[in-house]
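Morning, everyone. I have one model to show you. Please take a look at it before I start.

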Amino acid sequence: MRDAYHSELEALTDRLVEMTRLVRSAMSRGTTALLDADLQLAESVISQDAEVDRIYNEVEASIYELMARQQPVAVDLRTVVTALRMAADLERMGDLAEHIAKIARMRHPESAIPAELRDTIVQMGSIAENLITKTGSCIASRDVELAKELEDDDDEMDRLHRRLFRVLLSKDWSHGIEAAIDITLTGRYYERYADHAVRVARDVVYLVTGTREEDVPVV
């Protein structure tokens, strides 16, 4: 029975890694849809978010069942608790990618991103993809040092987020209020996506070491 129990714990890890792959794909396609005004790609991100939600619900149900049947303690309890937290953060990352795709859909057939900000959005999308790729590796390998690297990547995302606001607040901004709102929301979605990735990485550190750093505040 203990072998079956630990197989179930390993299956939770596999499902979390699968979620990272899905939300990475969603963010990649969402960024492309945003930059290229690709309606079909945006719709694919929006419709496929249901798959992320489905896996999250499966993980949540599995965890509650494990806790009821096995009453885990010590490291096993830490494993199931952090798995639930990770799954929630990953589900939220899928939602954020979906929000980006919805901006692309709303502004179709035009791109929501003015020419002078395209490079910044490309960089933010690239960092987001890099973050979630590392997150998946951290979950699979429980690599504490790799998990800590995400803090530096998040700092770069924050820097780009500030750059967006400098452009928006510049006296040279000529794209109006509607575009400014789109950019404000878009920047916030990327920034929050990165924060959730850092939270997952910190959960990996907690899982391995038993110590927890202060959480990144996200909503």
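First, the ground rules. This is a predicted model, where local features need pLDDT of at least 70, side-chain atom pairs count only at pLDDT 80 or more, and totals for chains, interfaces and linings use all residues. Residues are numbered from 1 along each chain as its sequence is written, and side-chain values use heavy atoms, with hydrogens and water left out.

Now the cavity. By cavity I mean a set of points on a 1 Å grid, over the protein atoms alone, where a 1.4 Å probe fits but cannot get out. Volume is the space filled by probe spheres set on the points, which are joined across faces, edges and corners. There is one cavity of 30 Å³ or more. The largest cavity has a volume of about 80 Å³. Its lining residues (an atom within 4 Å of a point) include L9, T82, M86, R142 and V204. Which elements give two or more residues to that lining? They are α1 (2–36), α3 (74–107) and α6 (176–209). Helices here are DSSP runs of H or I, at least four residues, numbered from the N terminus.

Next, α6. D203 lies in this helix. Is D203 buried or exposed? D203 counts as buried, because its relative accessibility is 0%. Buried means under 20% relative accessible area, exposed over 50%, partly exposed in between, with a 1.4 Å probe and protein chains only.

V205 is at 10% relative accessibility, so V205 counts as buried.

On to α4, residues 118–141.

Just after α4, R142 takes a positive phi of about 55°. R142 is partly exposed, at 36%. A37 has a positive phi too, near 55°. A37 sits in the loop between α1 and α2 (39–70).

Last, a cis peptide bond joins H108 and P109, with omega about 15°. P109 is in the loop between α3 and α4.

How values were computed
On a 1 Å grid over the protein atoms alone, a cavity is a set of points where a 1.4 Å probe fits but cannot get out, and a pocket is an open set with protein on both sides within 12 Å along at least five of seven lines; lining residues have an atom within 4 Å of a point. The expected span of a helix is 1.5 Å times one less than its number of residues.
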